[in-house]
Structures are given as C-alpha cells and as structure tokens.
Amino acid sequence: MLDTLAATLTLVVDVLTRDATVARSLASDPPLAGAFGVALLAWASTGIAHTSVLYLNHVGRVRAVVAGVAGLVWLTLLRVLEAFVTWGVATLVTRRDVPVETVVTIFLLALAPQVFAALTFLPHVGLGLGRVLGAWSFLVLFLLLGAAYALPAWQALLVAASGWLVAQLVSRLLAAPLGWLGSRLWTLASGQPVLVTSRDILAGTPFIPVGAPEQVREVGR
C-alpha cells in the first residue's frame, strides 16, 4: 500500500514538473493504473474540501459525506463529457485513431493539480486557489494532449479547449434542470435547502446551504 502511494505521489510530482518520461510514456505505455491513483488523490482532496465546508455549516457527518459524494459525481460526469468531446475533436483534427486508454490517462493525469484542492475550503483565499488549480489542470491537459498527438501549440490549445467549451455550453443549456436536480439532491441528502447553479456544478464548488453564514458562503462562490 505504501509503495503504491509513493509511486502515485511520484507520478503527481512528475506530471506537475513536466517530467519528459510522462509525455514519452503516453505514446508507448500510458500509465493508466498510476493515472487512476492520481485521480483518486485528487477526488479525495476535493471531497475533503467539500466536507470541510459542510462541517463548518454544522451539517451532520453522514449527510456531509453523502452530499460531498453527490458533488463529486456531478463533477465527474462533466469531466467524462469533456474527455469524450476532446477525444472526438482530436481525432477529427489529427485524423489519428489514438487509443481511448491514452486519452483517459491524459484526463486523469490532468487532475494532478487538484491534489491541493483540500485547501480550497479556506475562507477568502479558497475561491482564488480553486481557480488557479483549475487553470493549472487545463495547462497540464494542454501539454499532455500536445505530447500525445504531436500537435503544434495552437492545435493542442484548440483540442484542449473544445471539450471545455462544450461542457460550458451543456451546463448553460441544462442550467435550469441541473440546478433544480442538484438543489433537490442536496436537500434530500443534507436536510437543508440550497441554491445550486450550473456554474457551481461545473466548477465543482461545494454546495452551500442557503442559510449559511456569509463568511462561510463566500468559500463556495
């Protein structure tokens, strides 16, 4: 277990420091198992941030966990959509049939900056830190896609941005039903009302109760 954790942390460091071995491995032997480990660390860190905000709102332990998992499910579904669209655009642009395993590995590795997501629950600085981590993840995605497909920078940016733009568009087209369903699920899980927007869901923002104190609500904006 400790060896696996150490290997995963090493892979996180390699991704964040742009180690050349990561880019080379994508073409021949994508580290899919290690990438899942990176994603699990990122999701765990995000879950800690969500449940910490819920704890500050005096939400019960079990309900906090359930609500935190619901938020992660929303975020994961949108990331799956983004990965699918990006793979499709990359195939059209490059006319190369890159294995799905490689694309999945890239998107999982792009979550590496989110291992610091646990810090986003901090008041005042959490929102800014969350945006920095989001931008960092996009940069990692851009660099890994460029390496995997051997794309010039402008094409890699086009491919990386395609999935993100579609996810933004879908979140806005489905804003009303997503907001209603997200709010309803939160209320059922936590017992407290909340207003959830598609922007909140897309950003992976913790669901904040309507009646939360202003200084705590600021964390989720």
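In the predicted model, Phe 84 and Trp 87 both belong to helix H4 (residues 61–94), where a spacing of 3 residues places them about one helical turn apart. Their side chains form one of the 2 aromatic pairs that a search of the whole structure finds. The ring centres of Phe 84 and Trp 87 lie 6.2 Å from each other and the ring planes make an angle of 40°, so the pair is classed as tilted, since stacked pairs require planes under 30 degrees apart and edge-to-face pairs require over 60. With regard to solvent, Phe 84 is exposed, its relative accessible area being 58%, whereas Trp 87, at 25% relative accessibility, is partly exposed.

Another aromatic pair is formed by Phe 116 and Trp 136, and this pair is stacked, with a centre-to-centre distance of 6.3 Å and an angle of 10° between the planes.

For H5 and H6, the axes come within 9 Å and the crossing angle is roughly 155°, and because angles over 145 degrees count as roughly antiparallel, H5 is assigned as roughly antiparallel to H6. The crossing in which H5 passes H6 is right-handed. On the H5 side, the contact is made by Thr 102, Val 103, Ile 106, Phe 107 and Leu 109, and on the H6 side by Val 140, Leu 141, Leu 144, Leu 145, Ala 148 and Tyr 149. When the residues in this contact of H5 with H6 are grouped by class, 10 are nonpolar, 1 is polar and none is charged.

Elsewhere in the model, Thr 46 is found in helix H3, which spans residues 32–56. Thr 46 counts as buried because its relative accessibility is 10%, and buried residues are those under 20%. The C-alpha atom of Thr 46 is separated by 9.3 Å from that of Phe 121, although these two residues are 75 residues apart along the chain.

Key: Residues numbered from 1 in each chain as written. Predicted model: local features only at pLDDT ≥ 70, side-chain atom pairs only at ≥ 80, totals over all residues. Heavy atoms only, no water. Helix = DSSP H or I, 4+ residues; strand = E, 2+ residues; numbered from the N terminus. Buried < 20%, exposed > 50% of the residue type's maximum accessible area, 1.4 Å probe, protein only. Phe/Tyr/Trp six-rings, centres within 6.5 Å; stacked < 30°, edge-to-face > 60°. Axes fitted to C-alpha atoms, helices over the stretch in contact; angles between N-to-C directions. Parallel < 35°, antiparallel > 145°, perpendicular 65-115°, else oblique. Left-handed = near helix turned anticlockwise from the far one by under 90°. Contact = heavy atoms within 4.5 Å. Nonpolar A, V, L, I, M, F, W, Y, C, P; charged D, E, K, R; others polar.
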